[in-house]
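This report goes through one protein model and its ligand, topic by topic. Keep the sequence and the 3D view open while reading.

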Amino acid sequence: MKILLFGKNGQVGWELQRSLAPLGELVALDRHSTDLCGDLANLDGIGATVRQLRPDVIVNAAAYTAVDKAESDAALAHLVNAEAPGALADVASAVGAWLVHYSTDYVFDGSGSQPWKENDPTGPLCVYGRTKLEGEQRIAARCAKHLILRTSWVYAARGGNFARIMLRLAREGDRLSVIDDQFGAPTGADLLADVTAHMVRSALSGAAGRFAGTYHVAAAGETSWHGYARFVLECASRAGLALKASSYTVDPVPTTAFPTPAVRPHNSRLNTAKLQDSFGLYLPIWQQGVARMLTEIT
Ligand code: NDP
């Protein structure tokens with residue numbers, strides 16, 4: 001089996017390099033790759049890459065993820081998040097490959113408090129969410145053999161992340177203010193990558209199209225950014241880290257305390273029953289992955 005991965009150096013892409021490796025020959029690209037084009041802004045280039053390699057599976061972990069910047073850079077966000085997935089869908093369909101793609105809870109409007117199901121009405125609040133939704137729609141319309149994984153609040157040990165920012169702020173000052181009216185489940189890039197590998201194996205061994213569709217993938221449980229921050233500081237304190245702030249000095253504040261160019265959903269909870277039932281997979285509680293990541297970065 002041959003797998004072609006786009007976006008190999010992002011949070012999820014990096015972990016996919018590990019989790020997809022045992023499934024077959026893996027060709028992993030980023031936007032700077034030279035032998036083969038891995039730049040999603042170059043639609044002809046990525047098409048030529050797929051036609052040259054003729055992979056069995058294309059995994060697209062690349063995306064325009066700068067949520068606030070997208071508000072003033074909508075053309076590039078649209079090219080990378082909507083047009084490129086559409087182009088990948090066309091060429092995947094032409095060579096008979098599966099297309100695996102990632103999307104986001106930002107396709108929803110964040111209302112209510114129930115975890116979103118896959119076929120709930122969408123209503124993105126920002127440019128990033130709208131472009132990601134259009135990417136999903138183009139794939140679903142143009143490539144029957146697709147797996148779209150919507151996830152939320154992704155973190156990884158590598159690179160900058162929310163936990164690292166909280167630890168830095170807790171070293172610098174004795175009080176933190178963190179948003180307590182947005183809810184979701186922090187989800188590890190490592191978990192997403194491992195789930196992807198299991199899904200790919202099932203999809204390839206099942207009857208054509210049996211597993212095709214959109215799935216919500218997030219760690220179990222839920223919290224707010226405030227609860228997430230408190231958990232990070234509790235773990236850090238148990239690990240003996242010298243911090244000025246503690247989990248008791250994290251003040252809850254509303255979203256309006258930190259105005260941003262892009263509007264973010266309040267309810268990012270995702271219902272993952274379809275994924276668990278369809279693939280027989282279990283999603284661990286979010287604290288488990290965050291605690292493990294903290295042991296790596298502290
Ligand atoms: P990252 O921002 O960590 O990685 C995205 C990758 O895409 C980066 O390596 C980036 O490269 C690359 N990229 C950007 N533009 C291009 C381009 N034109 N051509 C090729 N590569 C490009 O994101 P994540 O790993 O966290 O996200 C993976 C997926 O999950 C995405 O589809 C995202 O929308 C989705 N998602 C992410 C969430 C999150 O909280 N992070 C939440 C929900 C969904 P470079 O570093 O060079 O810019």
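## Charges over rings

K274 lies over the face of Y215, at 4.5 Å from the ring centre. In a second case, the charged end of R158 sits over the ring of W14, and the distance to the ring centre is 3.7 Å. A charge is said to sit over a ring if NZ of Lys or CZ of Arg is within 6 Å of the ring centre and within 35 degrees of the ring normal.

## Basis of the values

The model is predicted: local features need pLDDT of at least 70, side-chain atom pairs count only at pLDDT 80 or more, and totals for chains, interfaces and linings use all residues. Residues are numbered from 1 along each chain as its sequence is written, and side-chain values use heavy atoms, with hydrogens and water left out.

## Aromatic pairs

How many aromatic pairs does a search of the whole structure find? The search finds ten. Rings of Phe, Tyr and Trp (its six-membered ring) pair if their centres lie within 6.5 Å; planes under 30 degrees apart count as stacked, over 60 as edge-to-face and the rest as tilted. One of the pairs is W153 with W225, which is stacked, at 3.8 Å centre to centre and 20° between the planes. W153 lies in the loop between strand 5 (146-151) and strand 6 (154-155), while W225 belongs to helix 7 (residues 225-238), so the pair ties together parts that are 72 residues apart in sequence. Helices (H or I, at least four residues) and strands (E, at least two) are DSSP runs, numbered from the N terminus.

W153 counts as buried, at 11% relative accessibility, and W225 is also buried, at 18%. Buried means under 20% relative accessible area, exposed over 50%, and partly exposed in between (1.4 Å probe, protein chains only). W225 also forms a stacked pair with Y228, at 5.9 Å centre to centre and 25° between the planes. Both W225 and Y228 lie in helix 7, three residues apart, which is about one turn of the helix. Y228 is buried, with 1% relative accessibility. Ring pairs link W153, F162, W225, Y228, F231 and W286 into a cluster.

## Surroundings of the ligand

The ligand is surrounded by 22 residues, and the closest are R31, L40, T65, Y128 and K132. A residue is near a molecule if one of its heavy atoms lies within 4 Å of it. By class, this shell has eleven nonpolar, eight polar and three charged residues. Here Ala, Val, Leu, Ile, Met, Phe, Trp, Tyr, Cys and Pro count as nonpolar, Asp, Glu, Lys and Arg as charged, and the others, Gly among them, as polar. Helix 1 (11-20), strand 4 (98-104) and helix 4 (127-142) each supply at least two residues of the shell. Strand 4 gives the most, with three residues.

For Y128, a polar side-chain atom is 2.6 Å from an oxygen atom of the ligand. For V154, a polar backbone atom is 3.0 Å from an oxygen atom of the ligand. A polar contact is a pair of N or O atoms within 3.5 Å; within protein, one must be able to donate a hydrogen and the other to accept it, and residues adjacent in sequence count only if both atoms are side-chain atoms. Taken alone the ligand exposes 900 Å², and the protein buries 80% of that. These areas come from the Shrake-Rupley method with a 1.4 Å probe; for residues, only the protein chains shown count as cover.

## Positive phi angles

W153 has a phi near 45°, a positive value in a residue other than glycine. R54 likewise has a phi near 45°. R54 lies in the loop between helix 2 (43-53) and strand 3 (57-60). Is R54 buried or exposed? At 53% relative accessibility, R54 counts as exposed.

## Distances along and across the chain

F279 lies in helix 8 (residues 273-279) and is buried, at 10% relative accessibility. V12 is found in helix 1 and is buried, at 13% relative accessibility. The C-alpha atoms of V12 and M199, 187 residues apart along the chain, are separated by 15 Å.
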